[in-house]
Amino acid sequence: MGEAAKARVVRATPNGVPEMRTRQRQFLQTLRRRAGVAPSQICLAGFSQGAMVAVDVALDAPERCAGVVALSGFVMCVEDWARKLQGKKGLRVLQLHGLEDRTIPYYTAPWLRDLLQTNGAQVTFLPHSSGHECGPASASAILAFLAGLF
């Protein structure tokens with residue numbers, strides 16, 4: 001894929017994203033109401049496409065959540081995310097990505113990290129030796145991140 005095509009991909013809003021945002025916002029409102037938790041008590045997490053959803057939902061939410069765990073994710077809606085990050089300064093993000101990932105190539109991982117950091121998020125970036133999977137040390141890294149949030 002050439003540079004122009006890569007630029008189009010990271011700028012695009014994939015089909016269904018606006019509807020997903022609405023459904024996820026409703027889900028979070030229901031969760032908060034039923035569980036009696038504040039946004040600051042919620043950490044969003046996802047793997048692969050789910051990592052993209054977790055980041056997007058965290059940025060789209062009216063209030064800042066405790067943090068985001070993004071496992072083997074990718075950048076989308078880059079201008080939209082950069083704009084929304086301005087209102088989420090200090091958002092804590094744990095980003096893990098496999099060096100041997102053939103589904104979402106590792107070289108794309110710094111794109112997400114740099115977008116988040118440049119726009120004020122606090123990112124812990126942990127590459128691992130595996131492919132498109134969580135990696136051997138991911139569980140302990142996630143637990144440590146969550147312990148630091150709460």
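## Helix 4 and its cover

Helix 1 (3–11), helix 2, helix 3 and helix 5 (109–118) are among the elements that cover the buried residues of helix 4. The model is predicted. Helix 4 spans residues 78–85 and is mostly covered, with six of its eight residues buried. Those buried residues are Val 78, Asp 80, Trp 81, Ala 82, Lys 84 and Leu 85.

## Strands 2 and 3

Strand 3 covers residues 92–98. Six of its seven residues are buried, so strand 3 is largely enclosed by the rest of the structure. Strand 2 (residues 67–71) pairs with strand 3 in the parallel sense, over four bridges. Within this pairing, Val 69 of the model stands opposite Leu 94 in strand 3.

In a regular strand, side chains alternate between the two faces of the sheet.

## Two serines with positive phi

Ser 48 is not a glycine, yet its phi is positive, at about 60°. Ser 48 sits in the loop between strand 1 (43–47) and helix 3. Is Ser 48 buried or exposed? Ser 48 counts as buried, because its relative accessibility of 14% falls under the 20% cut-off.

Ser 72 also has a positive phi, near 55°, and is a residue other than glycine. The loop between strand 2 and helix 4 holds Ser 72. Ser 72 is buried, with a relative accessible area of 1%.

## His 128 and its surroundings

His 128 is in strand 4, which runs over residues 122–128. The residue is buried, at 10% relative accessible area. What lies 3.3 Å from a polar atom of the His 128 side chain? The backbone oxygen of Cys 134 does.

Leaving aside neighbours within four places in sequence, His 128 is in contact with Leu 96, His 97, Gly 98 and Leu 99, and also with Glu 133, Cys 134, Gly 135 and Ser 138.

## Gly 135

Gly 135 lies in the loop between strand 4 and helix 6 (138–149). Gly 135 is buried, with a relative accessible area of 18%. Not counting residues up to four places away in sequence, Gly 135 touches His 128 and Ser 130.

Gly 135 and Leu 96 are 39 residues apart along the chain. Their C-alpha atoms are separated by 8.5 Å.

## The largest pocket

About 220 Å³ of space lies in the largest pocket. Helix 2 (17–35) and helix 3 (49–60) are the elements that give two or more residues to its lining. Helix 2 gives the most, with six residues. Helix 2 and helix 3 also take part in covering the buried residues of helix 4.

The lining comprises 15 residues. Which of them lie nearest the pocket centre? They are Leu 28, Arg 32, Ala 61, Pro 62 and Glu 63. By class, the lining of the largest pocket has eight nonpolar, two polar and five charged residues. Arg 32 and Glu 63 are among the lining residues nearest the centre, and both count as charged.

Conventions: Residues numbered from 1 in each chain as written. Predicted model: local features only at pLDDT ≥ 70, side-chain atom pairs only at ≥ 80, totals over all residues. Heavy atoms only, no water. Buried < 20%, exposed > 50% of the residue type's maximum accessible area, 1.4 Å probe, protein only. Polar contact = N/O pair within 3.5 Å; in protein donor to acceptor, adjacent residues only side chain to side chain. Contact = heavy atoms within 4.5 Å. 1 Å grid on protein atoms, 1.4 Å probe; cavity = no way out; pocket = protein on both sides within 12 Å on 5 of 7 lines; lining within 4 Å. Points joined across faces, edges and corners; volume = space filled by probe spheres on them. Pairing = 2+ DSSP bridges.
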